[in-house]
Amino acid sequence: MADLTRFANTLRNVRRLHWIVVEDWTFTNHNVHDLLHTSNISFTYIAQATRETSNASKGNDQKNSALEWINKNHRFGEPAVVYFADDDNTYDLRLFEEMRYTKKLSMWPVGFSGAMRLEKPIVKDGKVTNFSAWWSNHRVFAVDMAGFAINTNVLWDYYPMRFETIVPAKTCCMAETHFLEQCCTREDIEPKADNCTKVYVWHTKTVKPGLRVGQSKNEDIYV
Ligand SMILES: *[C@@H]1O[C@H](CO)[C@@H](O)[C@H](O)[C@H]1NC(C)=O
C-alpha cells in the first residue's frame, strides 16, 4: 500500500495515462481497489495468480495478463505506448513525456540497475549500437524492464507478444531481451532522454521497516 500510494502520486501527474494493475493472486484486493479509485487515475485492476508451473522471473504471468487485456480492449489504431512500471521505482516525470512519442521501441538509461550505478544504451550518431550493462554480451537487448517502452502497434504486428514463463533455471536477466526479440532488432531502438545521456528512472527498492512497538505518540506536524 505504501508503494502504490507513492506511485499513484507520481502517475497522477501524467496526462493521458491508463494504469493497469495486476494482483498476483486469485482475487483482487478491496484496499488496493479503494486506493486506485481514490487516485482518480484511469485504471484497470485484474487478478492473475502466478501459475505453479511458472519458474520465470517474478511478474511475467501478470505482465502477460496485462498484455492480453490490452490486446482485447485497446482500440486498434488508437495511438498508445506500453511501459512496464515497478511500483517501487523512482520516476522523473519527464520520462513519461519521453516515452509518449515511441514509434516502435524506445530506450533510456536506468539508475541503480542490475548491481550497477547506471545501465544504459550506448548511442553513436543517434543510434543504439550496444549497451553498458550487466551481461551485455549475452543479450541482444541488455535492458531493464524500466528502461524501455513499446508502441501498442507492436502488440498487433507481432501478436501474441508475451513474456516467457517457463525458462531454464539459472537463466539470468533474459526476460526483457527475449520479450523484445519477438518484435525488434537493435536497429529499431529509438534512444530517448537526450540520446541516453539523462537519467529519468531509478531502480529503487522498498524494504520492510524494522518496526518497534510502543513508541508512537501524537506529535506536532511541521511542513
Ligand atoms: C541525438 O544525436 C543525433 C546524432 O548525433 C542528433 O542528430 C540528434 O539531434 C540528437 N538528439 C537529441 C535529442 O539530442
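In this predicted model, asparagine 195 touches Val123 and Gly126, not counting residues up to four places away in sequence. Asparagine 195 sits in helix α7, which spans residues 193-196. Its relative accessibility is 43%. The residue therefore counts as partly exposed, since that class lies between the buried limit of under 20% and the exposed limit of over 50%. In UniProt, an unreviewed entry lists Asn195 under "glycosylation site".

Asn195 also belongs to the surroundings of the ligand. The residues around the ligand are Asp125, Gly126, Asp194 and Asn195. The protein covers 33% of the ligand's accessible area, which is 370 Å² for the ligand on its own. By class, this shell holds 2 polar and 2 charged residues.

Threonine 152 is found in helix α5, which covers residues 152-157. Its relative accessibility is 3%. Threonine 152 counts as buried because this value falls under 20%. Its contacts, leaving aside neighbours within four places in sequence, are Ile70, His74, Glu78, Ala80, Val81 and Val82. In short, threonine 152 is buried, whereas asparagine 195 is partly exposed.

How values were computed
Residues numbered from 1 in each chain as written. Predicted model: local features only at pLDDT ≥ 70, side-chain atom pairs only at ≥ 80, totals over all residues. Heavy atoms only, no water. Near = heavy atom within 4 Å. Areas by Shrake-Rupley, 256 points an atom, 1.4 Å probe, with all protein chains shown as cover. Nonpolar A, V, L, I, M, F, W, Y, C, P; charged D, E, K, R; others polar. UniProt positions renumbered as here; feature names shortened; annotations may be inferred. Helix = DSSP H or I, 4+ residues; strand = E, 2+ residues; numbered from the N terminus. Buried < 20%, exposed > 50% of the residue type's maximum accessible area, 1.4 Å probe, protein only. Contact = heavy atoms within 4.5 Å.
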